[in-house]
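The stops below are meant to be followed in order, selecting as you go.

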Amino acid sequence: MASQWHSLVSQKLVLARVLLSQATSGDPQSDSEAAQALGREAVKQGSIELLLRARGLLLVMAARLYQHRAEEPATLDELAALIGDESNEVSQLRQLAGQANSWWNHLDQLTASQSRPPATRKSVSADNIIAVSADTGPDRSTDALRQTLNDMKIFADALEEQHSEW
């Protein structure tokens with residue numbers, strides 16, 4: 001049963017990988033620059049949504065590994081309530097959630113940025129220039145998204161392998 005969920009998680013990650021590869025390829029002569037930029041943004045946002053969906057499915061997969069066949073936890077706290085805070089999976093995921101550069105944390109940042117309109121930017125004139133650090137949001141580069149995808153795949157595969165040994 002759990003391997004079906006692992007397959008579904010893997011499917012979402014493969015689809016995200018395909019979209020990310022399209023973000024860097026494409027026919028520059030067939031579209032205008034604006035259309036290309038729009039296409040790249042659609043591919044990135046689609047990839048991010050697939051990564052977020054895969055993370056949710058990973059939580060369901062973990063629940064299934066503990067024989068919770070009907071429950072579908074949507075958050076790490078819901079998973080912990082189901083299988084226990086002391087479980088290896090919850091401990092690993094909580095550790096990842098606390099690490100600034102982890103795939104889990106990156107997805108948390110992406111969730112926030114995907115769920116809000118972009119920040120409005122003030123116009124700049126020569127009279128009101130003040131040097132400040134602007135919050136640019138999470139790294140949405142293709143390389144960063146690929147790294148998150150690869151790290152998630154490693155985690156999902158390890159989880160499946162660990163439980164298939166039992």
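**Before selecting**

This is a predicted model, in which local features need pLDDT of at least 70 and side-chain atom pairs count only at pLDDT 80 or more, while totals for chains, interfaces and linings use all residues. Residues are numbered from 1 along each chain as its sequence is written, and side-chain values use heavy atoms, with hydrogens and water left out.

**Stop 1: the whole chain**

Show the protein as a cartoon. There are 6 helices and 0 strands, and the order along the sequence is α-α-α-α-α-α. Helices here are DSSP runs of H or I with at least four residues, strands are runs of E with at least two, and numbering starts at the N terminus.

The protein exposes about 10200 Å², of which carbon and sulfur atoms supply 51%; the areas come from the Shrake-Rupley method with a 1.4 Å probe, and for residues only the protein chains shown count as cover. Of the 166 residues, 35% are buried. Buried means under 20% relative accessible area, exposed means over 50%, and partly exposed lies in between (1.4 Å probe, protein chains only).

Contact means heavy atoms within 4.5 Å. Among contacts between residues at least 6 apart in sequence, 67% join residues at least 24 apart.

**Stop 2: the nonpolar core**

Which residues have the most contacts inside the largest nonpolar core? Select Val9, Leu51, Leu58, Leu79, Leu93 and Trp103: these have the most contacts inside this core of 35 residues. A nonpolar core is a set of buried Ala, Val, Leu, Ile, Met, Phe, Trp, Tyr and Cys residues joined through side-chain atoms within 4.5 Å. Two or more residues each come from α1 (2-24), α2 (33-65), α3 (76-83), α4 (88-98), α5 and α6. The largest share, 13 residues, is from α2. In soluble globular proteins, nonpolar side chains tend to be buried together.

Now centre on Leu58. Leaving aside neighbours within four places in sequence, Leu58 is in contact with Val9, Trp103, Phe155, Ala156 and Leu159.

**Stop 3**

Select α5. This helix has 12 residues and reaches 16 Å from its first C-alpha to its last, close to the 16 Å expected at 1.5 Å a residue. The expected span is 1.5 Å times one less than the number of residues. Trp103, Trp104, Asn105, His106, Leu107 and Leu110 are the buried residues of α5, and they pack against α2, α3, α4 and α6.

Select α6 next. With 23 residues, α6 reaches 32 Å from first C-alpha to last, close to the 33 Å expected. Its buried residues include Leu145, Met152, Phe155, Glu160 and His163.

**Stop 3: the aromatic cluster**

Show the side chains of Trp103, Trp104 and Phe155, which form one aromatic cluster. Rings of Phe, Tyr and Trp (its six-membered ring) pair if their centres lie within 6.5 Å; planes under 30 degrees apart count as stacked, over 60 as edge-to-face and the rest as tilted. By this rule there are 2 aromatic pairs. Trp103 and Trp104 have ring centres 5.6 Å apart and planes at 65 degrees, so this pair is edge-to-face. Trp103 and Phe155 form a tilted pair, at 5.5 Å centre to centre and 55 degrees between the planes. Trp103 lies in α5 (residues 103-114) and Phe155 in α6 (residues 142-164), so the pair ties together parts that are 52 residues apart in sequence.

Trp103 is buried at 4% relative accessible area, and Phe155 is buried at 11%.

**Stop 4: the loop between α2 and α3**

Select Gln67, in the loop between α2 and α3. Gln67 has a positive phi of about 65 degrees although it is not a glycine, and it counts as exposed at 51% relative accessibility.

Move to Glu71 in the loop between α2 and α3. Is Glu71 buried or partly exposed? Glu71 is partly exposed, with a relative accessible area of 32%. Leaving aside neighbours within four places in sequence, Glu71 is in contact with Val60, Ala63, Arg64 and Leu82.

Finish on Arg64, in helix α2, which counts as buried at 4% relative accessibility.
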